Amino acid sequence: MSQPALILRDVHKCFGEGEHARCALDGVNIEVAPGSVTGLIGPDGAGKTTLMRLCCGLLKLDGGSIQTLGMDVADQPAAVQAAVGYMPQRFGLYEDLSVQENLDLYADLQGVPVQERPARYTRLMEMTKLAPFTSRLAGKLSGGMKQKLGLACALVRPPRLLLLDEPTVGVDPVSRRELWEIVYSQVREAGMNVLLSTAYLDEAERCDQVILLHKGRVLGQASPDRFSQGLKGRTWEVSAQDIRPRRLQADLVKQAGISDAIINGDRVRIITREGFEPDAASLLPGHPGLHVEAVPPRFEDAFIDRLGGAGEGRHATPAIGQVAAGEYPGDPIEVEQLERGFGDFVAVKKVSFSVKRGEIFGLLGANGAGKTTTFRMLCGLLPLSSGRVSVAGHDLRTASAQARSRIGYMAQKFSLYANLTVAQNLEFFSAAYNLRGSHQRGRIQWALQGFELEPYAGTNAGTLPLGYKQRLAFAAALMHEPEILFLDEPTSGVDPLARREFWARTNALAEAGVTVLVTTHFMEEADYCDRLVIMAEGAVLAEGSPHEIRTLARTPENPRPRMEDAFIGLIQSREKAA
Amino acid sequence: MLRHILALAIKEFLALLRDPRSRFVLIGPPIMQLIIFGYAASFDLDHLAVAVYDEDGGSAARALVSRIQGSPHFHVVAHVAREEEVAPLVDNKEVLLVLHMEPRFTAHLAQGGSGSLQVILDGRNSNTALLALNYLRSIVLDFNQSLAARRGSDGPPVTLSMRAWYNEDLDSHWFIIPGIVGLLTLVVTLVVTALSVAREREQGTFDQLLVTPLRPTAILVGKSIPGLVIGVIEASFIIAVAMLWFEIPLRGSVGALYLGLLLFLFSAVGVGLMISAISVTQQQAVLGAFLFLVPAVILSGFATPIANMPEAVQMLTYLDPLRYFLVIVRGVFLEGDSYALLVDQYWPMAIIGAASLAAAGWLFRHRMY
């Protein structure tokens with residue numbers, strides 16, 4: 001068992017040819033210790049999926065060598081695949097088959113002897129808590145349950161090495177916890193080796209070893225503690241009585257000695273530069289009443305520090321003028337008893353909330369909670385089954401075209417024209433929003449400069465780096481200075497630096513009077529919102545300010561609960577009630 | 001509104017022309033199909049393989065065989081000496097027909113009697129067999145007449161003196177190539193427009209479009225323009241090739257042809273956008289386009305006459321825009337038609353176009369998931 005589960009030596013893998021060639025992996029050296037859970041951490045496009053597919057012989061190597069469980073992948077791909085379990089991001093569940101039929105199918109495919117099956121099934125169903133649902137169609141399971149079933153299918157015949165590609169993305173916190181328990185039970189009981197990738201930095205702390213991957217290169221490999229130890233004495237939390245955390249964060253991040261600042265509940269967590277000692281009295285000029293407390297470093301701090309820190313608000317944030325508020329009765333966004341069904345499936349159940357002018361309002365929930373469906377109804381992209389919505393005084397589905405010019409919309413996945421250049425995209429959308437003449441040229445210039453897109457003006461939008469794609473989408477949604485902005489999962493799959501940049505920009509917009517409605521499945525992002533609703537299975541579980549919602553979960557043992565704790569508490573109390 | 005349409009049309013053109021794959025779709029297949037149809041598709045049969053089983057060997061038999069050999073339609077590939085050899089030749093498709101001269105063919109003719117000539121035909125493709133038989137008949141008729149002239153008799157009492165109007169040589173290219181103008185333009189326009197909305201749906205840009213102040217009508221018109229423009233360019237190219245390369249005369253009014261072309265494209269764009277509005281993915285759109293194309297071509301009278309179809313099917317052909325355009329393009333090319341004669345072809349296409357565009361516009365806003 002002393003032999004490493006995986007050895008990668010100088011691994012190269014490029015896609016495309018000639019000038020379009022893009023190297024997903026560029027000289028990667030890794031060793032994965034046996035009997036451990038190793039996390040592969042990195043933003044989208046870092047090369048995580050490519051690495052996993054190479055390890056199980058699904059892709060051809062361009063250079064270097066990979067030894068999986070002591071076998072060379074290039075020489076014995078079939079033997080490697082027989083010993084390895086791989087669960088891709090979207091596991092191939094057959095949605096028209098029941099849970100049991102899916103299990104049977106994978107047991108057949110893996111050649112599990114029939115007499116061994118009942119015991120294995122019982123164990124898997126017990127771990128995944130899917131036993132009551134064995135006859136349900138896989139397509140009708142919630143996102144978290146699907147993911148657990150996927151894992152169960154990958155485990156019907158316990159592999160010696162399990163590769164999990166982002167198993168927890170978009171999954172609700174309860175299911176995430178359960179997935180991690182399953183993974184650890186397999187390592188303990190069966191001595192399985194696990195390599196998993198994740199975009200959640202807090203999950204990295206649950207791994208024995210962490211490999212940091214960035215732009216196809218390994219930035220470091222160590223235990224999560226080792227990573228964060230380098231930051232000892234540089235992480236603090238700042239709180240203030242009279243300033244809202246969002247304001248405080250925006251001011252702190254501009255200070256010279258501070259390399260990163262994020263909102264953490266009611267406080268602001270900062271990483272200071274080496275040798276800088278934050279002093280409560282002088283940290284923020286004009287705000288003497290700050291309280292500064294040293295806190296132990298987390299993995300995320302180390303990750304950000306390695307990437308260079310967020311620093312001085314160096315984000316590409318364009319100047320945003322105060323927006324003129326339209327004349328209409330009531331709040332900018334009002335939702336009453338909103339319902340939407342697809343066949344006999346109710347995706348959104350009696351949802352009500354309203355968003356005030358200049359507020360950042362969050363819709364939080366796991367994938368499949370009904371966030372996007374609600375969102376599309378608000379934007380007039382989907383008819384309501386029943387209820388009422390009003391955006392800037394109109395139902396956008398029936399409103400005049402003019403009413404739509406008050407809103408900006410940024411879809412979940414990049415949805416600008418991929419084979420048009422950046423400038424052509426901006427020209428088209430500005431024309432669609434009735435901008436013309438010198439005003440149009442001025443706004444295009446504003447977008448190109450403010451979002452630092454000028455060097456890319458002639459580049460096809462589809463070939464931009466991910467972070468720039470998001471900037472372009474953001475710019476296109478802001479060309480016409482909308483007073484209401486809809487942002488659907490803007491931070492999904494984006495690296496932590498780009499997420500900071502995004503929130504800095506959104507804050508600036510809210511300061512300028514823009515009403516922002518944003519959906520996210522990152523619980524910790526809730527603290528950037530003024531108010532939010534938490535959704536699960538199409539219904540609203542709770543509504544209020546982040547502070548109010550976190551207070552719901554406060555207990556003597558956990559005096560400062562995180563948003564995730566609150567979410568889990570809400571789900572559990574709902575299940576008890578049911 | 002006008003600015004919106006212009007901005008949309010520019011965007012559509014850019015999206016279409018900046019993508020090397022869709023550029024190829026516009027240029028590659030039409031040229032390929034033009035070559036294939038122009039040269040390969042023809043109702044005329046040339047160089048049909050013939051075997052001769054000459055039991056006579058006399059001068060008259062040889063004269064008849066050399067006439068057949070001399071015709072562009074036939075090509076004698078085998079001489080058979082025994083009867084058993086005949087069947088394998090036909091069975092293996094080595095020859096389409098076998099000519100069998102009876103042993104005393106020349107002698108009978110010389111005596112002033114009649115010689116009998118047996119033809120064995122491969123009837124598996126009845127159309128080809130009938131055509132071949134026709135060619136053979138006219139050769140034999142010719143042979144009879146010259147024989148009669150030599151004998152000094154008057155020949156048969158009634159002779160057929162044939163003169164074809166419009167297509168003087170009865171060259172079937174003159175029939176097929178103008179039809180290709182309609183066929184290829186339909187394929188390209190339909191594929192271009194059918195993909196346009198479906199592509200945006202698949203890539204998520206259609207939502208982005210729907211939340212802008214653009215009206216559905218503007219989206220509809222903006223998306224129609226590239227299909228129309230590309231269709232006109234494509235059709236003009238094929239018309240030019242038909243006239244200059246295949247030397248088919250354009251006898252009628254060019255204006256009447258282009259009015260018909262515009263209305264035809266209008267209806268094709270409408271059907272294309274309707275298919276596009278129904279489809280969620282590009283794959284569905286392409287399938288939908290072909291689901292429409294295949295019956296549209298068969299029912300149009302491109303190859304088989306509409307008059308031969310069962311009555312119920314004939315009713316269906318009235319829904320097919322290609323049906324009307326084929327009448328126009330053939331009429332203008334061969335008959336020299338002008339506006340007045342074609343009115344009855346113009347208005348049905350206008351109605352098909354308007355109805356399908358209206359349906360597409362309704363579907364834009366009502367089919368959403």
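Analyst: A polar contact is a pair of N or O atoms within 3.5 Å, and within protein one of the two must be able to donate a hydrogen and the other to accept it. By that rule 14 residue pairs are in polar contact across the interface of chain A and chain B, both residues of each pair being at pLDDT 80 or more, a condition that belongs here since this is a predicted model.

User: Which elements of chain A each supply at least two residues of the side that touches chain B?
Analyst: They are α12 (401–404), β19 (407–410) and α13 (422–432), and α13(A) gives the most, with five residues. By class, this side of chain A has 18 nonpolar, nine polar and five charged residues.

User: Why is the pair B:D207 and A:R376 called a salt bridge?
Analyst: The term asks for a side-chain nitrogen of Lys or Arg within 4 Å of a carboxyl oxygen of Asp or Glu. In B:D207 and A:R376 the closest N and O atoms are 2.4 Å apart, so the pair falls within that cut-off. Across the interface of chain A and chain B, the rule finds one salt bridge.

User: What is the area buried between chain A and chain B, and how many residues does each chain bring to the contact?
Analyst: The size of an interface is often given as the accessible area lost when the parts come together. Here the area is about 2800 Å², of which carbon and sulfur atoms give 54%. In chain A, the residues that lose the most area to chain B are A:R404, A:Y417 and A:F428, together 21% of what that side buries. The contact takes 32 residues from chain A and 27 residues from chain B.

User: Why is A:R550 called buried?
Analyst: Buried means under 20% relative accessible area, and A:R550 has 9%, so the label applies. A:R550 lies in helix α17 (residues 546–552) of chain A. Leaving out residues up to four places away in sequence, A:R550 touches A:G265, A:D266, A:D527, A:P561, A:R562, A:M563 and A:A566.

User: What makes helix α10 of chain A mostly covered?
Analyst: In α10 (residues 299–306), six of the eight residues are buried, namely A:F299, A:E300, A:D301, A:A302, A:F303 and A:I304.

Definitions and conventions. Residues are numbered from 1 along each chain as its sequence is written. Chains are lettered from A and ligands numbered from 1 in the order in which they are written. This is a predicted model: local features need pLDDT of at least 70, side-chain atom pairs count only at pLDDT 80 or more; totals for chains, interfaces and linings use all residues. Side-chain values use heavy atoms; hydrogens and water are left out. Buried means under 20% relative accessible area, exposed over 50%, partly exposed in between (1.4 Å probe, protein chains only). Helices (H or I, at least four residues) and strands (E, at least two) are DSSP runs, numbered from the N terminus. Contact means heavy atoms within 4.5 Å. Buried area is the accessible area (1.4 Å probe) that two parts lose on being put together, summed over both. A polar contact is a pair of N or O atoms within 3.5 Å; within protein, one must be able to donate a hydrogen and the other to accept it, and residues adjacent in sequence count only if both atoms are side-chain atoms. Ala, Val, Leu, Ile, Met, Phe, Trp, Tyr, Cys and Pro count as nonpolar, Asp, Glu, Lys and Arg as charged, and the others, Gly among them, as polar.
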